[in-house]
Amino acid sequence: MRGAIPRQLTPPDDAPPWIGASAVAMLFAAQRPWQEAAALLRHPVWRGESVPDGRRLPVMLVPGFLTGDPSLALLKRWLRARNYWTCTSEIRFNVDCTRLAVERLERRLVEFTDRMGQPTAVVGQSRGGIFAKLMAMRQPERVCGIVTLGSPNVDHLAINPLVARPVRLVAALGSAGVPGMFRSDCLDGECAEKLATWLTKPFPEQVPYVSVYSRRDWVVDWRACVDPDADNVELDSSHVGMGVHPQVYELLGERLAALAASAPSRLATAG
């Protein structure tokens, strides 16, 4: 049975950066997302230089733990300016049970792809990437590809012990009856075991899957993002900053354009 603070996946020489880190190092790490966002707004990729046209490819965006759709507002704006159709998750605060959250996202996925008449790409950050992978596994005919950003899809509980504290707090509130929050069972009970089983099932070969990770991720053990089913891409980014990092946008510009060029123009279920 897994606990809320899992074993470390990496040997000491490849350990995540919080192992043995000083308070000063943690303070500097906390400032990185702001620096990355500022760098993005100065970067040519933000202005669309050398970024291929999106050809109106549908893209669904799914935020990470403790955040909502506004956390990906810059990415949404950038994608729309590059000629992509975007769809938000309608998540205001990503703390619900994974099963319930994925079921709601699937309904939104069906609605969006029916309206667009073609499969969609899904970009998920952190916990949102877990949701993206599960949707692709459950609805492969409606997903033309996924990109996950700092998502622990190999071990969803491989996280910084400091981050595990708010995770346990949310679980305690959910177990106490606060609506819209996952319960303790989602961390170390039957629900957690089901999620772990889901994530080890075969990923559909026809759905392109890119997993972005960083060895300087201070939230998720980076090894938990290296998925044997994915095209794993390493970048030098903070965890939170992956949604605003210039190199992530360059990668998205390249990989989403490739999906736009190769994805089916109609849903397989559309006849």
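Biologist: Which strands does helix 3 lie across?
Modeller: Helix 3 (residues 98-116) lies across strand 1, strand 2, strand 3 (120-125) and strand 4 (143-149), at about 160° to strand 1. Angles run from 0 to 180 degrees between N-to-C directions, with axes fitted to C-alpha atoms, for helices over the stretch in contact. Helices (H or I, at least four residues) and strands (E, at least two) are DSSP runs numbered from the N terminus.
Modeller: This is a predicted model, where local features need pLDDT of at least 70, side-chain atom pairs count only at pLDDT 80 or more, and totals for chains, interfaces and linings use all residues. Residues are numbered from 1 along each chain as its sequence is written, and side-chain values use heavy atoms, leaving out hydrogens and water.

Biologist: And in what order do the six strands sit in the sheet?
Modeller: The order is 2-1-3-4-5-6 in an open sheet with parallel pairing; two strands pair if DSSP finds at least two bridges between them. Strand 2 (85-87) and strand 6 are at the edges with a single partner strand each, so one side of each has no neighbour in the sheet.

Biologist: New topic: where is Asp-217?
Modeller: Asp-217 is in the loop between strand 5 (209-213) and strand 6 (231-234).

Biologist: Which backbone nitrogens lie by the side chain of Asp-217?
Modeller: A polar atom of the Asp-217 side chain lies 2.8 Å from the backbone nitrogen of Val-219, and the backbone nitrogen of Val-220 lies 2.9 Å from a polar atom of that side chain.

Notes: A polar contact is a pair of N or O atoms within 3.5 Å; within protein, one must be able to donate a hydrogen and the other to accept it, and residues adjacent in sequence count only if both atoms are side-chain atoms. Contact means heavy atoms within 4.5 Å.
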